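Open the model in your viewer and keep the selection tool ready. Each stop below gives a selection and what is found there.

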Amino acid sequence: MTEWESPYYLFLIFPIWIWTFYSYWKNEPALGIELRIPGKVQSGSFSLKRFLSSVVPLVRPIALTLFVIAVAGPGKRYRFLPDETKGVDIILALDVSGSMSKSRDFLPETRLGVSKKLLKEFIRKRENDRLGLVVFAGGAYLQSPLTSDREVLEEILSQAEEETVPEQGTAIGDALILSCYRLRRSPAKSKVIVLITDGASNTGRIDPVTATEIAKGVGVKIYSIGIGKEDQSYEVNFEILDILSKRTGGVFYRAEDISELREVLASIDSLEKDLLILPPEEVRESESLIFLTYALALLGLDLLLRSWVFRYYV
């Protein structure tokens, strides 16, 4: 069934044809069109020229009508059944503790500053995925649920700082539990936590190993990234991250500089793709171009007849 974007334009058709019929009733050329054909037309017999002299002036009103229909925006709406696209549901669990925000082993930036910068690049690449964000220090907080709006997610990530989490410390177990809770009802077959931390878990209600067992139960893989160099300023513990990842079928990575961290995120970006069910889509197919083409064709025909065939003028 044909639908219209601006149906009120169709009312313009009435004055066009009222004027056209009025002109014919008054025996005057419609819309200022007059057919003047050289030579005499024999009365009482059929003449092509006589026929055209009464029919050709209707070309312009018809063309104007087609223009009005094109402006009114005719078209048809189609509803497609749910489609499938490849994608993964990913929660980014980012450590914003003091060891991440104050360490200077990534000069001139901090571990946290470099992580945020490269995570934005990672987010832009995952075009077919839903991503969420959890930040943690001594406690864990959800900053963004799973979403496909990358611009909003990047903005939220930009605002993540040490002050975002009031509790001091590093609660990796709490961050994993919160991430698993947000992924537990995901329709994706592949559910992933990308954990970025210096690995020194020293507080929290749940220890990381227990959280890992829960992650296994809901089918979540943990890809952990141990960021930073080991020094005397801040404690690091990469062994626990390796254990967490291996128990869930994920992978542990070390990143001691910016280039390594970029390579690690690129490796995670090559994760397997799974099917996500998308909602039905409605597509509207416009037919305006068809009517516009017919109108232009009629105007071209009118110009051809007036200028070259019959040599008559307005």
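Select helix H5 (111-125) and helix H10 (258-269): each supplies at least two residues of the lining of the largest cavity. Helices are DSSP runs of H or I with at least four residues, strands are E runs of at least two, and both are numbered from the N terminus. This is a predicted model, where local features need pLDDT of at least 70, side-chain atom pairs count only at pLDDT 80 or more, and totals for chains, interfaces and linings use all residues. Residues are numbered from 1 along each chain as its sequence is written, and side-chain values use heavy atoms, without hydrogens and water.

Now show the lining: Leu118, Glu121, Phe122, Lys125, Arg262, Leu265, Ala266 and Asp269. It has 4 nonpolar, no polar and 4 charged residues. The space in the largest cavity is about 60 Å³.

Next, go to Glu154 in helix H6 (residues 150-158). Is Glu154 buried or exposed? Glu154 is buried, at a relative accessible area of 14%; buried means under 20%, exposed over 50%, partly exposed in between (1.4 Å probe, protein chains only). Beyond four places in sequence, Glu154 is in contact (heavy atoms within 4.5 Å) with Lys120, Ile123 and Arg124.

Then colour by pLDDT, the predictor's confidence in each residue, from 0 to 100. Select residues 30-45, where pLDDT stays under 50. Where pLDDT is low, the predicted coordinates should not be read in detail.

Finally, zoom out. The protein has 11 helices and 11 strands. Its average pLDDT is 82, and 81% of the residues score at least 70.

Notes. 1 Å grid on protein atoms, 1.4 Å probe; cavity = no way out; pocket = protein on both sides within 12 Å on 5 of 7 lines; lining within 4 Å. Points joined across faces, edges and corners; volume = space filled by probe spheres on them. Nonpolar A, V, L, I, M, F, W, Y, C, P; charged D, E, K, R; others polar.
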